[in-house]
Amino acid sequence: MHLRCAQGWLELGDHLEANEELERISFPFRIHPDVLLLRYEVHAKAKKWDIAVEIARTLVEVAPYEVAGWINQAFALRRMSSGGPKAAWNALLPAAVKFPTNPIIAYHLACYSCQMNRLKEANAWLIMAGMLGDTNEFKLMALTEPDLEPLWLAIANL
């Protein structure tokens with residue numbers, strides 16, 4: 001019940017109330033993957049990246065089969081104070097091996113590679129994302145993604 005209430009608060013845009021509901025969940029259930037995913041979302045909305053990355057790391061540990069944990073961990077690492085694109089890339093690369101058909105992982109690896117000025121590698125990951133998913137969808141996403149700005153001209157000409 002508390003998880004559903006927290007989801008509702010988050011959908012309404014109130015991450016503080018969502019967090020209050022999550023705090024009402026009894027301890028043994030706080031490491032359930034659904035609870036961890038929502039707790040991550042709450043802290044990401046609040047831009048508390050240091051906490052968000054710890055939650056995502058816990059999710060990767062308790063549910064390594066959950067793709068969102070890997071993606072969220074990298075996303076938070078990219079934004080946290082002591083993180084950056086290299087930390088995010090290093091955290092997400094093992095997920096590309098574990099989930100070789102996931103286009104979102106390839107897309108994020110393209111973003112992180114681009115931010116490290118590894119443009120050929122970024123382009124290769126972006127092409128991979130398009131091959132694994134909907135090419136036009138990823139092209140449109142890439143053309144509005146600030147992390148991929150150095151590739152916008154090349155992407156537009158694809």
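How exposed is Leu 119, and what is its relative accessible area? The residue is partly exposed, at 28%. Here buried means under 20% relative accessible area, exposed means over 50%, and partly exposed lies in between, with a 1.4 Å probe and protein chains only. The model is predicted, so local features need pLDDT of at least 70 and side-chain atom pairs count only at pLDDT 80 or more, while totals for chains, interfaces and linings use all residues. Residues are numbered from 1 along each chain as its sequence is written, and side-chain values use heavy atoms, with hydrogens and water left out.

Leu 119 is found in helix H8. Helices are DSSP runs of H or I with at least four residues, numbered from the N terminus. Not counting residues up to four places away in sequence, Leu 119 touches Cys 114, Pro 150 and Leu 151. Contact means heavy atoms within 4.5 Å. Ala 18 lies 101 residues from Leu 119 along the chain, and the two C-alpha atoms are separated by 39 Å.

Ala 18 is one of the buried residues of helix H2 (residues 15-23).

Helix H5 covers residues 67-79. Its 13 residues should span 18 Å at 1.5 Å a residue, and its end C-alpha atoms are 19 Å apart, which agrees. The expected span is 1.5 Å times one less than the number of residues. Ten of the 13 residues are buried, so H5 is largely enclosed by the rest of the structure. The buried set consists of Val 67, Gly 69, Trp 70, Ile 71, Asn 72, Gln 73, Ala 74, Ala 76, Leu 77 and Arg 78. Four helices pack against these residues: H3 (33-45), H4 (49-62), H6 (85-98) and H7 (103-115).

His 108 lies in helix H7. Its relative accessibility is 15%, so His 108 counts as buried. Its contacts, leaving aside neighbours within four places in sequence, are Ile 71, Phe 75 and Leu 92. Of these, Ile 71 is among the buried residues of H5.

Ala 96 is placed in helix H6, and Ala 106 lies in helix H7. They are ten residues apart along the chain, and their C-alpha atoms are separated by 6.9 Å. Both count as buried, Ala 96 at 16% relative accessibility and Ala 106 at 2%. Leaving out residues up to four places away in sequence, Ala 96 touches Ile 105, Leu 109 and Trp 125. With its neighbours within four places set aside, Ala 106 is in contact with Trp 125, Met 128 and Ala 129.

Two loop residues have positive phi although neither is a glycine. For Lys 47, phi is about 60°. This residue sits in the loop between H3 and H4. Lys 47 counts as exposed, at 62% relative accessibility. For Asn 117, phi is about 65°. Asn 117 is found in the loop between H7 and H8. At 60% relative accessibility, Asn 117 also counts as exposed.

The largest pocket holds about 150 Å³ of space. A pocket is an open set of points on a 1 Å grid over the protein atoms alone, where a 1.4 Å probe fits, with protein on both sides within 12 Å along at least five of seven lines; lining residues have an atom within 4 Å of a point. The volume is the space filled by probe spheres set on the points, which are joined across faces, edges and corners. Helix H8 (119-132) and helix H9 (135-142) each supply at least two lining residues. H9 gives the largest share, five residues. The lining includes Leu 126, Ile 127, Gly 130 and Met 131. Thr 135, Asn 136, Phe 138, Lys 139 and Ala 142 also line the pocket, as do Ile 155 and Leu 158. By type, the lining divides into seven nonpolar, three polar and one charged. Ala, Val, Leu, Ile, Met, Phe, Trp, Tyr, Cys and Pro count as nonpolar, Asp, Glu, Lys and Arg as charged, and the others, Gly among them, as polar.
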